[in-house]
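Hi everyone, thanks for having me.

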Amino acid sequence: MMIPLLNIPTQALFGQLLLGLINGAFYALLSLGLAVIFGMLNIVNFAHGALYMVGAFVAYFLLNIAGLGYWWALILAPIIVGAFGIFIERSMLQWLAGLDHLYGLLLTFGLALVIQGVFQAEFGSSGLPYSIPPALQGGQNLGFMYLPKYRGWVVIFSLFVCIATWYLIEKTKLGAYLRAATENPQLVRAFGVNVPLMITLTYGFGVALAALAGVLAAPINQVRPLMGAEFIIVVFAVVVIGGMGSIMGSVVTGFMLGVIEGLTKVFYPEASNTVVFVIMAIVLLIKPAGLFGRTA
Amino acid sequence: MTAQAITSSAAIDAAKRRDEMIAFAVMALFLLVAPAIIYPFFLMQALCFALFACAFNLLIGYVGLLSFGHAMFLGLAGYVSAHMAKTGAVDIGPLHLHFGPVDPVLAIVCGVAASAVLGVITGALAIRRQGIYFAMITLALSQMIYFFCLQAPFTHGEDGIQGVPQGKAFGLIDLSHQTTMYYFVLAVFLAGFLMIHRIINSPFGDVLKSIRENEPRAISLGYKTDQYKLAAFVLSAALVGLAGATKSIVAQNASLTDVENAMSGQVILMTLVGGLGTFFGPVVGAFIIIAMQNYLAGFGQWVTVIQGAIFVACVLAFRRGIIGEIAHRLGLSL
């Protein structure tokens, strides 16, 4: 039976809720990468949105040039973009160690301009189509709503990647090194751990997460040069709300804000663009360190 | 402190003041005669951006706060002054005031006031966090203002406000005459520039610099640093507003370009190229970036690529900027 809530059909409500969850999954993947990178490098990676876009483009190229489909892209795009990230870290970011954090922000902002500019000059601003893989086409009627298979897959797979990342960092030995190096790099180096290598790999990993989100987004949002440019600003707001101190915090905040944004689209569409920023302002007033942040 | 140390620091101060005086005289003289050699409209644009960059530099260069959202002050002031100069209608809630087109000077004052108010609100939020968070918060808030400007009726969304009358300043000085307009803009720029110089060299400015160097120590000395930071933020916002409002009267339009994040990025680039924390750097940087944009306009998106590359190059190898490098090499204070 349909239960109209405030005259809004449940179909539309759950549809937007699902879209919200998907956006939330992307927020979670991107803010997770930002948090991991910030922890090790003390750099806010402004190029994150641009690399998310590159991930989607790599999937597009793999399909149209090499003939490799979605599943290959899901593995190869993060590796290729991660390698590109490692190149960025080795050739540029490593020289900023010890400088004011702001320089890292400025450098990666410049990189984002270069990357986005090149793609815009080559592909214009319109979207390129990328179709849903055959195995995930169609959908399922759940009774209260129609669930497109691909969207369900994105939510579940993102959640899995987030939890796997959390496990890797919080529960494994490698993660313990990583956390220790975040706290006190000198001491960890003295124990014989190759910290610079860990920093490089961390950047590559964070960037690979962004690329993975890009591949997941390609069939939903089309492949556009500026797909990451506005997105990253919302992700920054998510990071401010959640605080970058905790991995789980980033994931929870990401999904939560995606859902809130989706619900806003149903109940008050005019505010759907700005609701995350409004929540950010409220959180700053009530709990300036962020929901999961440690007070300095 | 010994007597000798006091005299030497006084001597350094005097030398610093002399360097600045000479540089200011050179700049003012150049700008006075420039319209004879350079297209005045370009100069006016560049002067507005130079004031924009100087006001931005007040925060990053002297308080150490990197705002990634200064376009919101430039854009909002531009919209408000263009709206006042064109229609002069104020409809806020129950308030309906219709003045008709107002004097351009009054329109600019309205724009500055709007930016200052926005500065109080956004500044109070942003200073609750430090460093990179401050940058992210200002960026997010300015994105919010962008959406506001896209949707608010008085800004006319994608169309912007076109055909803004230039009118007569104080009812006397005819600004539709290009040379008159140029000297009006020059006067606004020099007033703003000198005001920033005054702020930085005041006791208030010394506290700002101490916050930049070591905020915990400034707090331990009893300064309420949050209030100082907010005051600096609002001053910067108001001065950016002055630049944006003047720009909209000069260009006779206000559009979304000025509120976009790309604009916030540009002002950072101008300041970085010229030299963070130097008096004259932002002016030089603004002229270079605006000139570059004019000459490279035909290259489309490649301009963005070039700007990004300059960003990367400056951060990696040229952090002092042009004026900062000159000052460093010659041992001057500029």
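Predicted model: local features only at pLDDT ≥ 70, side-chain atom pairs only at ≥ 80, totals over all residues.

In soluble globular proteins, nonpolar side chains tend to be buried together. Here, the largest nonpolar core has 220 residues, and the members touching the most others are B:Leu66, B:Phe68 and B:Phe189. Which helix gives the most to this core? That would be helix H2 of chain B, residues 40–62, with 18 residues.

Now find B:Phe189 on your screen. Leaving out residues up to four places away in sequence, B:Phe189 touches B:Met27, B:Leu31, B:Leu47, B:Ala50, B:Leu51 and B:Val283.

On to the cysteines. How many disulfides does the structure hold over all chains? The count is zero. Take B:Cys314, which is in no disulfide: its nearest cysteine sulfur belongs to B:Cys54 and is 17 Å away. Is B:Cys314 buried or exposed? Its relative accessibility is 5%, so B:Cys314 counts as buried, the cut-off being under 20%. A:Cys162 is buried too, with a relative accessible area of 1%.

Last, let's look at two helices in chain A. Two packed helices are described by the angle between their axes and the distance between the axes. Helix H10 of chain A (residues 247–267) packs against helix H11 of chain A (residues 275–286) at about 125 degrees, and their axes are 9 Å apart. With that angle, H10(A) and H11(A) are therefore oblique to each other. On the H10(A) side, the contact is made by A:Leu257, A:Ile260, A:Glu261 and A:Thr264; H11(A) brings A:Val275, A:Val276 and A:Ile279. The crossing of H10(A) past H11(A) is right-handed.

Methods:
Residues numbered from 1 in each chain as written. Chains lettered and ligands numbered in written order. Heavy atoms only, no water. Core = buried A, V, L, I, M, F, W, Y, C linked by side-chain atoms within 4.5 Å. Buried < 20%, exposed > 50% of the residue type's maximum accessible area, 1.4 Å probe, protein only. Helix = DSSP H or I, 4+ residues; strand = E, 2+ residues; numbered from the N terminus. Contact = heavy atoms within 4.5 Å. Disulfide = S-S within 2.5 Å. Axes fitted to C-alpha atoms, helices over the stretch in contact; angles between N-to-C directions. Parallel < 35°, antiparallel > 145°, perpendicular 65-115°, else oblique. Left-handed = near helix turned anticlockwise from the far one by under 90°.
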